[in-house]
Amino acid sequence: MAGRNFLFVPGPTNVPDRVLRAMVVSQEDHRSPVFPELARACLNALKPVFKTTTAAPIIFPASGTGCWEAAVTNCLNPGDRVLIARFGQFSHLWIDMCQRLGFEVEILETPWGEGAPVDRYLAALEADKQHRIKAVLVTQNETATGVTSDVAAVRRAMDSAKHPALLFVDSVSALASIDFRMDEWGVDVCVSGSQKGLMLPAGLGVTCVSQKALAAAKGATSRRCYFDYNDMVNANANGYFPYTPSIPMLYGLRESLAILAEEGLENVFHRHHYLASGVRAAVFEGWKLKLCAVAPQWYSDTVSAIMVPEGINGADVISRAYRRYNLALGAGLSKVAGKLFRIGHLGDMNELMLLGAIAGAEMAMLDVGVKIEPGSGVAAAQKYWRANSPVIVAKDAAA
Ligand code: PLP
């Protein structure tokens, strides 16, 4: 098909040209005397992205899923109990993994469209007088439903219950796009990946581990080998990896972290909020449709999951957008399959790119029979963006 493909799934996201160019390199010796400069540049520049001075960023040749597995197998013993809310396909998959790995999972079933139920986390922690729960798991941004949860509030619940469990956060579709604060929120493991806010291809599992979690990893008896934190931290201390890393991906990561630092992390968050608000204007004011997220407190700034009207199959909108307009939209997963389509608005993104996605989604919806006014979403987003601007904070105020 002529023209470019419009990639608007919530990951993998568009890779900036600067990052693409940085990755075009010949292979190098990953045990050379100069390799540590590249490894350290990446690991050090990740710290401000996780907002940590004390935790250890770790880069696995993996994706977010590998980092989920690393978190539970490094820090827990077989049969340990974890507490987690299920409100979308990704929180579901983490639960499924924990069960398959032999952990006991206490699940807070939550309607899809809502986020982490902090009061129920609190109640479960208060009821756990014997501290059988060893880790609290939270999905910061549920990509399947476009719902962002309040991780700081979960930490407050843990503190209020005086519960010593570790806090593991899935920030796969939030990190570097929605605020995340490792140290301030007392997060023990943050799980993420390269292909979303970090604007790289998939292939790196990017995670960050607190000193408390590293101490737990020294004694935890769950079996692991390739994803062992201790092996990685020991090798990283000398600027190396315990096995062959993807050097082009590391060059790409160094460049993407430089781009984030140049914009300023707080500006990156503001831009995501401003762009997401334009998409929401298209959904609500233009198309008169609903999001899967049921209340503003849950609205995600990285992905909007848009409910299609009764009688319309969301998969038809997605298929039409792809085949006719070369536009990739995100599918409805599992429980919400067919009920919605998703627009990812994270990473290297601006207003005009998003207007393409909104226009394409609008045409695809019209083609499959959704009764919306042609141009209404585009007009509503334009109106929002013309009346607002991404809040620019002074560079030295940005993290
Ligand atoms: N968690 C969330 C919130 C995600 O969105 C995804 C993937 O989209 C994952 C975990 C799994 O990550 P990966 O596909 O990188 O393994």
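Biologist: What is the order of the open sheet of three strands?
Modeller: The order is 11-12-14, and the pairing is antiparallel. Strands here are DSSP runs of E with at least two residues, helices are runs of H or I with at least four, and both are numbered from the N terminus. Two strands pair if DSSP finds at least two bridges between them.

Biologist: Which strands stand at the edges?
Modeller: Strand 11 (290–291) and strand 14 (340–344). Each has a single partner strand, so one side of each is left without a neighbour in the sheet.

Biologist: How many bridges between strand 11 and strand 12?
Modeller: Two, in the antiparallel sense, with strand 12 covering residues 303–307. Leu 291 has Ile 306 of strand 12 as its bridge partner.

Biologist: What cut-offs apply to the model?
Modeller: It is a predicted model, so local features need pLDDT of at least 70 and side-chain atom pairs count only at pLDDT 80 or more, while totals for chains, interfaces and linings use all residues. Residues are numbered from 1 along each chain as its sequence is written, and side-chain values use heavy atoms, with hydrogens and water left out.

Biologist: Switching to the ligand. Which residues are around it?
Modeller: Among them are Ser 63, Trp 68, Phe 90, Asn 141, Gln 195 and Lys 196; a residue is near if one of its heavy atoms lies within 4 Å. Helix 3 (residues 64–75) gives the largest share of the shell, three residues.

Biologist: How many are nonpolar, polar and charged?
Modeller: Three nonpolar, seven polar and two charged. Ala, Val, Leu, Ile, Met, Phe, Trp, Tyr, Cys and Pro count as nonpolar, Asp, Glu, Lys and Arg as charged, and the others, Gly among them, as polar.

Biologist: What lies 2.6 Å from a nitrogen atom of the ligand?
Modeller: A polar side-chain atom of Asp 170. For ligand oxygen atoms, a polar side-chain atom of Thr 143 lies at 2.5 Å, and a backbone N or O atom of Gly 64 at 2.8 Å. Taken alone, the ligand exposes 390 Å², and the protein buries 88% of that (Shrake-Rupley areas, 1.4 Å probe).

Biologist: And strand 5, mostly covered or open?
Modeller: Mostly covered: six of its seven residues, 133–139, are buried, meaning under 20% relative accessible area with a 1.4 Å probe and protein chains only.

Biologist: Which way do strand 3 and strand 5 run?
Modeller: Parallel, joined by four bridges, with strand 3 at residues 81–86. Val 82 stands opposite Ala 135.

Biologist: How many bridges for strand 5 and strand 8?
Modeller: Five, in the parallel sense, with strand 8 at residues 166–170. There, Leu 137 stands opposite Phe 168.

Technical notes. A polar contact is a pair of N or O atoms within 3.5 Å; within protein, one must be able to donate a hydrogen and the other to accept it, and residues adjacent in sequence count only if both atoms are side-chain atoms. Buried means under 20% relative accessible area, exposed over 50%, partly exposed in between (1.4 Å probe, protein chains only).
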